Amino acid sequence: MPVKECTIEVPAADEGAVRPWRKLLRGLDESKHGALSCLGDWLEAGASYELPTGAVIVLCDPLPGGDRKRVRIWRVKSDGTIKEERDSTLGSANAFGTSVRGTMRRLVDKHPPRPGTVRQLTAAPPRVNERADTCGLCRQPVAAREGVLARNHRGYTEAQHQPGQCPPRPPLTNDYAQACGKCGGWLEEGEGVLYEATPALPGPYGKAVLKARHPQDCPPPDQRTTPPPPAPRANMREQDCMLCGHLVAAGAGLLVRQSSGWDVRHLEGQCLPQEELWEIGRGEPGPYRTRPERWAPAGTVLRSTLYDHHHQFPEDAPGFHRPRDGEVSAIVTTVRERHPEYCRDEDGNQPSDLIGEDGWYFRILVRPATAEEAADILAEEAEQKRQAQLAARRRRLFELCDDAEIPATPDLSGAVQVNFGARRSLYQHWPDDELHVDDQAQVAWFLRYNGADGDNWSASNHGSFIARKVPLTEERAQLVADLRAEYPPSDSPA
């Protein structure tokens, strides 16, 4: 049987009702409280609509004071008349309680709502606002009974001026001092008015650019106020002073504009005497980290290469030597670290340590190390140099000599192994070469491992080694003595 459409006039609100509403009920949301549980379309009081038979209408008229509400539930009958299913006045907490919800649930289940939009036939008469409020269109005051009540896009009623009677908005004063957007003259806070310097872009997020101007005509150029100089800005983080090089604590200095960036300096008269410092750098390739690790904390002693084109490095510094003009290698002590910079290899303008890679670049300020600070590094470098010289002598006198012989059956029974500092690497899986000395027979044996892939194993004469016999000359005896002094027997490899 087709559903019949009927013309229904929604009744006006009760006399004195506060914020009344009407709704075409389409369902219930049991998770919400009060009137929010009613799901459906808003209906204007006093308007007429075309509704299908079986439609359920909920009418709510809160009484003055907000303590009680009159709730009516109507149903459209097949003959186009209205049947009042319920009319009760209850407290606000119970107006849409269990009993009222039961009635609405029973009617919705028995008369399922028809999908589609509601067709309004006649407009509702305008309702006069009973109290002073703010216009929902122009956001300006509306006196009591001088405007109308209208429903906004959220479904709630709000006060508005009579149609077409919204007054023009008064100009807004500038909230902070700024230059006039018309003439450039200076305006103090509250002295000018705001205007739209650039219209809003189309779309829901477009906003106009507002600027300040003089309230009337702009004054002539000779009467305009010149802008005051910008107020000094304090530094927000610690940084080296651009004048003296000392560290400026956060908030204790001033920011100074330098071309496209900012530098920091001490307050006037607070610069310290300049330090004799030099800068070294180091790049650490890797991904970006919010807090990069410190590379060389203050007080670290190390040998480093630095450049002294503009600031001569003292030649009496520990470990000083100059590989080339403008470049120095010396032992230095770190003083402090500049703010590290993460460099991305986008245009090839990387520091030399990070060419072709992304990573952190550290810059450290250093000074020449004292003799006491450099003692350990100098001793280690001297030991490395001494051992390198011993290794060169050993290769010349034992490995690369011309007077060696390779007997078929070497006799090492009276020989004693001499440690010459061979250190097996992490990935070495073959034995080290060995040096054996027979002081009584005045001969020495140098054993070279010959058991690796590609070696001629038939040339081995002592297990997997080739044992070469050389006479123990005076020069070789001195080398053996030097090796024994450098590498005590207790340090000999097992």
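A salt bridge is taken here as a side-chain nitrogen of Lys or Arg within 4 Å of a carboxyl oxygen of Asp or Glu. Asp 14, Arg 22, Asp 61, Arg 70, Arg 72 and Asp 87 are joined by such bridges into a network. The structure is a predicted model, in which local features need pLDDT of at least 70 and side-chain atom pairs count only at pLDDT 80 or more, while totals for chains, interfaces and linings use all residues. Residues are numbered from 1 along each chain as its sequence is written, and side-chain values use heavy atoms, with hydrogens and water left out.

## Salt bridges

Side chains of opposite charge can pair when their charged atoms come close. The structure holds 29 salt bridges.

| Acidic residue | Basic residue | N to O distance |
| Asp 240 | Arg 336 | 2.8 Å |
| Asp 240 | Arg 338 | 2.6 Å |
| Glu 279 | Arg 363 | 3.9 Å |

Helices (H or I, at least four residues) and strands (E, at least two) are DSSP runs, numbered from the N terminus. Asp 240 forms a salt bridge with Arg 336. This pair links distant parts of the chain, with Asp 240 in strand S18 (residues 239-240) and Arg 336 in strand S25 (residues 327-337), 96 residues apart. For accessibility, buried means under 20% relative accessible area, exposed over 50%, and partly exposed in between (1.4 Å probe, protein chains only). Asp 240 is buried because its relative accessibility is 8%, and Arg 336 is buried at 13%.

Asp 240 also meets Arg 338 in a salt bridge. Arg 338 lies in the loop between S25 and strand S26 (341-343) and Asp 240 in strand S18, so this pair ties together parts that are 98 residues apart in sequence. Arg 338 is partly exposed, with a relative accessible area of 24%.

The bridge between Glu 279 and Arg 363 likewise links distant parts of the chain: Glu 279 is in strand S22 (residues 278-285) and Arg 363 in strand S27 (residues 359-368), 84 residues apart. Glu 279 counts as partly exposed because its relative accessibility is 35%. Arg 363 is also partly exposed, at 32%.

## A negative surface patch

Asp 175, Glu 188, Glu 189 and Glu 191 form a negative surface patch. Patches are made of residues with over 30% relative accessible area and no salt bridge, like charges being joined within 9 Å and nonpolar side chains (Val, Leu, Ile, Met, Phe, Trp, Tyr) within 5 Å. Glu 189 sits in the loop between strand S15 (186-187) and strand S16 (193-198). With a relative accessible area of 59%, Glu 189 is exposed.

Gln 178 belongs to strand S14 (residues 178-179) and is buried, its relative accessible area being 14%. Contact means heavy atoms within 4.5 Å. Apart from neighbours within four places in sequence, Gln 178 is in contact with Gly 185, Trp 186, Leu 187, Leu 194, Lys 211 and Ala 212.

Lys 182 lies in the loop between S14 and S15. Lys 182 is exposed because its relative accessible area is 55%. Leaving aside neighbours within four places in sequence, Lys 182 is in contact with Tyr 195, Arg 213 and Cys 218. Lys 182 and Ser 88 are 94 residues apart in sequence and 65 Å apart in space, C-alpha to C-alpha.

## His 266

His 266 is part of strand S21 (residues 261-266). At 8% relative accessibility, His 266 is buried. Beyond neighbours within four places in sequence, the contacts of His 266 are Cys 241, Cys 244, His 246, Leu 247, Val 248 and Cys 271. Between His 266 and Leu 254, 12 residues apart in sequence, the C-alpha to C-alpha distance is 6.4 Å.

## Positive phi angles

Arg 145 is not a glycine, yet has a positive phi of about 65 degrees. Arg 145 is located in the loop between strand S11 (141-142) and strand S12 (147-151), and is exposed, with a relative accessible area of 53%.

Gln 442, not a glycine either, has a positive phi of about 60 degrees. The position of Gln 442 is in the loop between strand S29 (434-438) and strand S30 (443-449). Gln 442 is partly exposed, with a relative accessible area of 42%.

Notes
Accessible areas come from the Shrake-Rupley method with a 1.4 Å probe; for residues, only the protein chains shown count as cover. Lys and Arg count as positive and Asp and Glu as negative; His and the chain ends are not counted. The place of a charge is taken as NZ of Lys, CZ of Arg, CG of Asp or CD of Glu.
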